[in-house]
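Please examine the sequence and the three-dimensional model below before reading the report.

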Amino acid sequence: MVRAVGLNSPLLLGFEAIERALDKASKSASDGYPPYNIERIAASGSEPEILRITIAVAGFGQDQIEVTQEESQLLVRGRQQEDKAREYLHRGIAARQFQRSFVLAEGMRVQSADLKNGLLSIDLVRPQPERVVKSISIKETE
């Protein structure tokens, strides 16, 4: 398999990290379980803009879900223990383990995580970019 490199321009310098992040994101999107939504919540007043990830985790309790941020990656893991005392005649609710990962931009941070009605909501705060203008001095050489 030949990998297409999208940032292969000589005018784009130092974007190797973005290329690696794109590779990570494409690998993590292969499994569709559990389903999730991502929504943008506009800034209001002094509150910054929020990105909210909502993951359907029906059947998982708070103690069976782990949310971690490792460098630029948000990882959500779910593990359920099999209840040997139950005898199912039909089992249509998935009880499998999962790991869902999201690649985060530099400076993104998790503000909160809530579990309600089988939905895990994770709020991320987007950093406010600073506009930096820097004058570069030019030396004259002979």
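The model is predicted, and local features are reported only at a pLDDT of at least 70, side-chain atom pairs only at pLDDT 80 or more, while totals for chains, interfaces and linings use all residues. Residues are numbered from 1 along each chain as its sequence is written, and side-chain values use heavy atoms, with hydrogens and water left out.

**The four-stranded sheet**

Strands E1, E2, E7 and E6 form, in this order, an open sheet of 4 strands with antiparallel pairing. Strands here are DSSP runs of at least two residues, marked E and numbered from the N terminus; two strands pair if DSSP finds at least two bridges between them. At the edges stand E1 (36–41) and E6, each of which pairs on one side only. On average, neighbouring strands of this sheet are turned by 20° against each other, direction ignored; the axes are lines fitted to C-alpha atoms, and angles run from 0 to 180 degrees between N-to-C directions.

Strand E2 (residues 50–56) pairs with E7 over 7 bridges. Strand E6 (residues 109–116) and strand E7 (residues 119–125) run antiparallel and are also joined by 7 bridges. Aspartate 123 in E7 is the bridge partner of arginine 52, and aspartate 123 is likewise the bridge partner of serine 112.

**The three-stranded sheet**

The other open sheet described here has 3 strands in the order E3-E4-E5, again with antiparallel pairing. Strand E3 (65–70) and E5 each have a single partner strand, so one side of each lacks a neighbour in the sheet.

Most residues other than glycine have a negative phi. Exposed means over 50% relative accessible area, buried under 20%, and partly exposed in between (1.4 Å probe, protein chains only).

| Residue | Loop | Phi | Relative accessible area |
|---|---|---|---|
| Asparagine 117 | between E6 and E7 | about 55° | 72% |

Asparagine 117 lies in the turn of the hairpin formed by E6 and E7, which has 2 residues between the strands.

**Arginine 100**

Is arginine 100 buried or exposed? Arginine 100 has a relative accessible area of 4% and is therefore buried. Arginine 100 belongs to strand E5 (residues 98–103). The side chain of arginine 100 reaches the backbone oxygen of tyrosine 33 at 3.5 Å.

**The second largest pocket**

The second largest pocket holds about 270 Å³ of space. It is lined by 14 residues, and those closest to its centre are Gln80, Arg86, Tyr88, Arg91 and Ala95. On a 1 Å grid over the protein atoms alone, a pocket is an open set of points where a 1.4 Å probe fits, with protein on both sides within 12 Å along at least five of seven lines; lining residues have an atom within 4 Å of a point. The volume is the space filled by probe spheres set on the points. The lining of this pocket has 4 nonpolar, 6 polar and 4 charged residues. Ala, Val, Leu, Ile, Met, Phe, Trp, Tyr, Cys and Pro count as nonpolar, Asp, Glu, Lys and Arg as charged, and the others, Gly among them, as polar.

Conventions:
Polar contact = N/O pair within 3.5 Å; in protein donor to acceptor, adjacent residues only side chain to side chain.
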